[in-house]
Amino acid sequence: MPRYLLDSNIGIYLLANDESVTNFLRIITGEGASFFFSAISECEIRNNLRPGEHLRADRLLSERRILVVDSKVARRAAQLQMSQRANGRSIKTPDALILATALENELSFVSRDKQLRFAQSEYGLEFIEP
């Protein structure tokens, strides 16, 4: 079964009822796929909640869908940042941690952040932009 890591922006779009993101999630879950968020994304999403979104966020961000950022993920994120810096590209620590979470857990990555597309060609991470 396919497994996906949803970026913070995808969670925010879901809570805003973005049609293309909602349809994407409906399709993948209908096919039996699993989706997850990094603990970093949970923080970013909850930090951007608007009034009335808290209950929906609680359902979306249930514990079974949150992947922890452990030492392996942190080390991979640091390596990712160092290699990208050597390539002349700066990557923010939260983004590096989220990408490292997808890589460590062998998940496809769903995001609308075009600046993170490099992970597909450079690391073989499937990048999906709904």
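Which side chains meet in a salt bridge at 3.0 Å, N to O? That would be Glu42 and Arg46, where a salt bridge is a side-chain nitrogen of Lys or Arg within 4 Å of a carboxyl oxygen of Asp or Glu. Keep in mind that this is a predicted model, in which local features need pLDDT of at least 70 and side-chain atom pairs count only at pLDDT 80 or more, while totals for chains, interfaces and linings use all residues. Residues are numbered from 1 along each chain as its sequence is written, and side-chain values use heavy atoms, with hydrogens and water left out.

**Helix H3**

- H3 covers residues 39–47; helices (H or I, at least four residues) and strands (E, at least two) are DSSP runs, numbered from the N terminus.
- Ile40, Ser41 and Ile45 of H3 are buried, and buried means under 20% relative accessible area, exposed over 50%, and partly exposed in between (1.4 Å probe, protein chains only).
- Those three sit on the same side of H3 because they cover an arc of only 130 degrees around the axis, going by the directions from the helix axis to the C-beta atoms.
- The buried residues of H3 pack against strand S1 (3–6), helix H1 (8–15), strand S2 (34–38) and helix H6 (93–104), with contact meaning heavy atoms within 4.5 Å.
- Ser38 caps the N-terminal end of H3, with a side-chain oxygen 3.0 Å from the backbone nitrogen of Ile40.

**The Glu42 and Arg46 pair**

- Glu42 and Arg46 are about one helical turn apart, because they are 4 residues apart in helix H3.
- An α-helix has 3.6 residues a turn, so residues three or four places apart point the same way.
- Glu42 counts as partly exposed because its relative accessibility is 21%, and Arg46 gets that label too, at 31%.
- There's a network here as well: salt bridges link Glu42, Arg46 and Asp58.

**Other salt bridges**

- A search of the whole structure turns up 9 salt bridges.
- One of them joins Arg50 and Glu53, whose closest N and O atoms are 3.2 Å apart.
- Arg50 is partly exposed at 44% relative accessibility, whereas Glu53 is buried at 8%.
- Glu129 and Lys114 also meet through their side chains in a salt bridge (2.4 Å, N to O).
- This pair links distant parts of the chain, 15 residues apart: Glu129 is in the segment after strand S5 (127–128), and Lys114 is in the loop between strand S4 (108–110) and helix H7 (118–123).
- Glu129 is partly exposed, with a relative accessible area of 29%, while Lys114 is exposed at 55%.

Definitions and conventions: Polar contact = N/O pair within 3.5 Å; in protein donor to acceptor, adjacent residues only side chain to side chain.
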